[in-house]
Amino acid sequence: MLRLGLLSDPYSASRLIAALSFSPSPSRDLHYAHQLFDQIPHPNLFTWNALIRAFASSSDLGLSRRVFDGIPVRDVVSWNSMIAASTQAGRPEEALELFRRMEVEDVKPNDKEDIIADQVTFVSVLSVCSQLGTIDLGRLIHASIHKHGITLNCHLATSLIDMYAKCGNLEKAVEVFRSVDQRDVFLWSAMMAGLAMHGHGEAAIELFLEMQEAKVKPNEVTFMNMLCACSHSGLVDKGRKVEHYGCMVDILGRAGRLDEALDLIENQMPMPPRASVWGALLGACAVHGNVKLGEKAFEHLVALEPGNDGAYVLMSNLYAKSDYWDGVAKLRKRMREMGMKKEKGCSSIEVDGVVYDFLVGDISHPSYRKIYLKLNEIASRLRSSGYVPNRSQLLQNVEDDDAKEQALYLHSEKLAIAFGLISTIRVMKNLRVCEDCHSFAKVVSSVYKREVVLRDRYRFHRFRGGECSCMDYW
DNA sequence: ATAGGGTTAG
């Protein structure tokens, strides 16, 4: 193309950039794409926009942003590309900021439509809502879609279902799902994932059968979601019918059948176990407190993935649960030597459309005094109704028993719940909820006769009258 | 003719 001088043709140039950025990794050369770009004599919006996407797929958000900022007049595709790039890079706040700017800044009219934000914009922003758990914004966008008379295509409907499910409104997700008549594999899979997340494993399996009747071919994600549904609902035999070793280890392990899980890995797998398989076993050992097997899984796992910080945290928690503090100290030393840090626990709660974040022992909230006061009051009321803090869930070595109890009360989930008790209760946790916080929430729901909805990294917990929707199985 | 979107265990 260079020899023929085709770079001066914007059509060819844009296509070349796209081709270079979507090629499989060996022939993918973004550095070269960038160099080429500087040589394009007449770049147009198509070339700029292709480049945003190209850098985003190489996960270099900074470069995408530099291209975006340099565009003299941006159209809706430029904005959508940049918003999608931020969303996919796990930077939902940046995406949201762009969306808000988009509404007030000039957007060059597009050939096709002349509305400011279109379906593609909404798809990305709904994905932001899923990530942040901001159901109010999600509802606003849903309303806006209605208002503009936009029909739901599969992309948009999938995003809506995912948003409602991840924001805790499963009924609404089902409603959207049922309102679509041409359903593709993404739509079906997203609905199954939503059901699984809320503990409706059987319903997810029924949906899978319905999907087959509709002659839609499942893909690997569909199976993944199915197995997740089986795993979270304890459906061991149904899960066994789908062949996937990592998930099967998880299903067996979660159900406490650790020996069977190990036997599967060591004697039945036709291929060498990959990291995720050992990860599933380690996770199961952590749940069931099996240190010896946990150590074995851990060593296999870090041999395959030395930088896996999650493995260290799981193993350390397993030691701590078993009161083996020397093990914890050794692991921490190993982590320090490798320059690794544990992800900080953070819970956020949405009250009247505003998201509040809490870290452990957080005092940055304007009314933090009120929150701790409320927490004290909760502690005494819970104690008199029979709740005993589960000190095994304190994963640092605090000698004094009273101090241990104090430290448990500083967990971010509890702070968010206490704040919620002075407002509406909808809690998001970025990591898995700990057993003590889980029983805490149960007692809160019965003593205060309030519903608590807690979304952790993997699923939803809906506490009502002292019971949780997960039936203590997660 | 060239650019933008959705589902995913531990």
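# Briefing: a protein model with DNA strand B

β5 and β6 run antiparallel and are joined by two bridges. Helices and strands here are DSSP runs, numbered from the N terminus (helices: H or I, at least four residues; strands: E, at least two). This is a predicted model: local features need pLDDT of at least 70, side-chain atom pairs count only at pLDDT 80 or more, and totals for chains, interfaces and linings use all residues. Residues are numbered from 1 along each chain as its sequence is written, chains are lettered from A and ligands numbered from 1 in the order in which they are written, and side-chain values use heavy atoms, with hydrogens and water left out.

## The sheet

- Six strands make an open sheet with mixed pairing, in the order β2-β1-β3-β4-β5-β6.
- β2 (354-359) and β6 (467-468) stand at the edges with a single partner strand each, so one side of each has no neighbour in the sheet.
- Two strands pair if DSSP finds at least two bridges between them.
- Strands of a sheet pair through backbone hydrogen bonds, either parallel or antiparallel.
- Glu-467 in β6 is the bridge partner of Arg-464.

## Ser-347 in strand β1

- Ser-347 is found in strand β1 (residues 346-351).
- Ser-347 has a relative accessible area of 0% and is buried. Buried means under 20% relative accessible area, exposed over 50%, and partly exposed in between (1.4 Å probe, protein chains only).
- The side chains of Ser-347 and Ser-412 make a polar contact of 3.0 Å. A polar contact is a pair of N or O atoms within 3.5 Å; within protein, one must be able to donate a hydrogen and the other to accept it, and residues adjacent in sequence count only if both atoms are side-chain atoms.
- A polar atom of the Ser-347 side chain also lies 3.3 Å from the backbone nitrogen of Glu-413.
- Ser-347 and Leu-359 are 12 residues apart in sequence, and their C-alpha atoms are 6.7 Å apart in space.

## The surface near DNA strand B

- DNA strand B is surrounded by 41 residues; the closest are Asn-49, Asn-80, Asp-118, Phe-186 and Arg-254. A residue is near the strand if one of its heavy atoms lies within 4 Å of it.
- The side chain of Arg-53 has an N or O atom 2.9 Å from a phosphate oxygen of DNA strand B.
- Lys-166 places a polar side-chain atom 3.2 Å from a phosphate oxygen of DNA strand B.
- A polar backbone atom of Cys-154 is 3.0 Å from a base nitrogen of DNA strand B.
- Elements giving two or more residues to this surface include α3 (45-57), α5 (76-88), α7 (119-132) and α9 (154-166).

- Asn-80 lies in helix α5.
- Asn-80 counts as buried, at 7% relative accessibility.
- The side chain of Asn-80 makes a polar contact of 3.1 Å with the side chain of Asp-118.
- Asp-118 caps the N-terminal end of α7, with a side-chain oxygen 3.1 Å from the backbone nitrogen of Val-120.
- α7 is largely enclosed by the rest of the structure, because 10 of its 14 residues are buried.
- The buried residues of α7 pack against elements including α5, α9 and β3 (426-429). Contact means heavy atoms within 4.5 Å.
- Gly-133 follows α7 and has a positive phi, near 75°.

## Helix α9

- α9 has 13 residues and reaches 18 Å from first C-alpha to last, close to the 18 Å expected at 1.5 Å a residue. The expected span is 1.5 Å times one less than the number of residues.
- α9 is mostly covered, with 10 of its 13 residues buried.
- Asn-153 caps the N-terminal end of α9, with a side-chain oxygen 3.2 Å from the backbone nitrogen of His-155.
- Gly-168 follows α9 and has a positive phi, near 100°.

## Asp-436

- Asp-436 sits in helix α24 (residues 435-447).
- Asp-436 counts as buried, at 1% relative accessibility.
- The side chains of Asp-436 and Lys-414 are joined by a polar contact of 3.1 Å.
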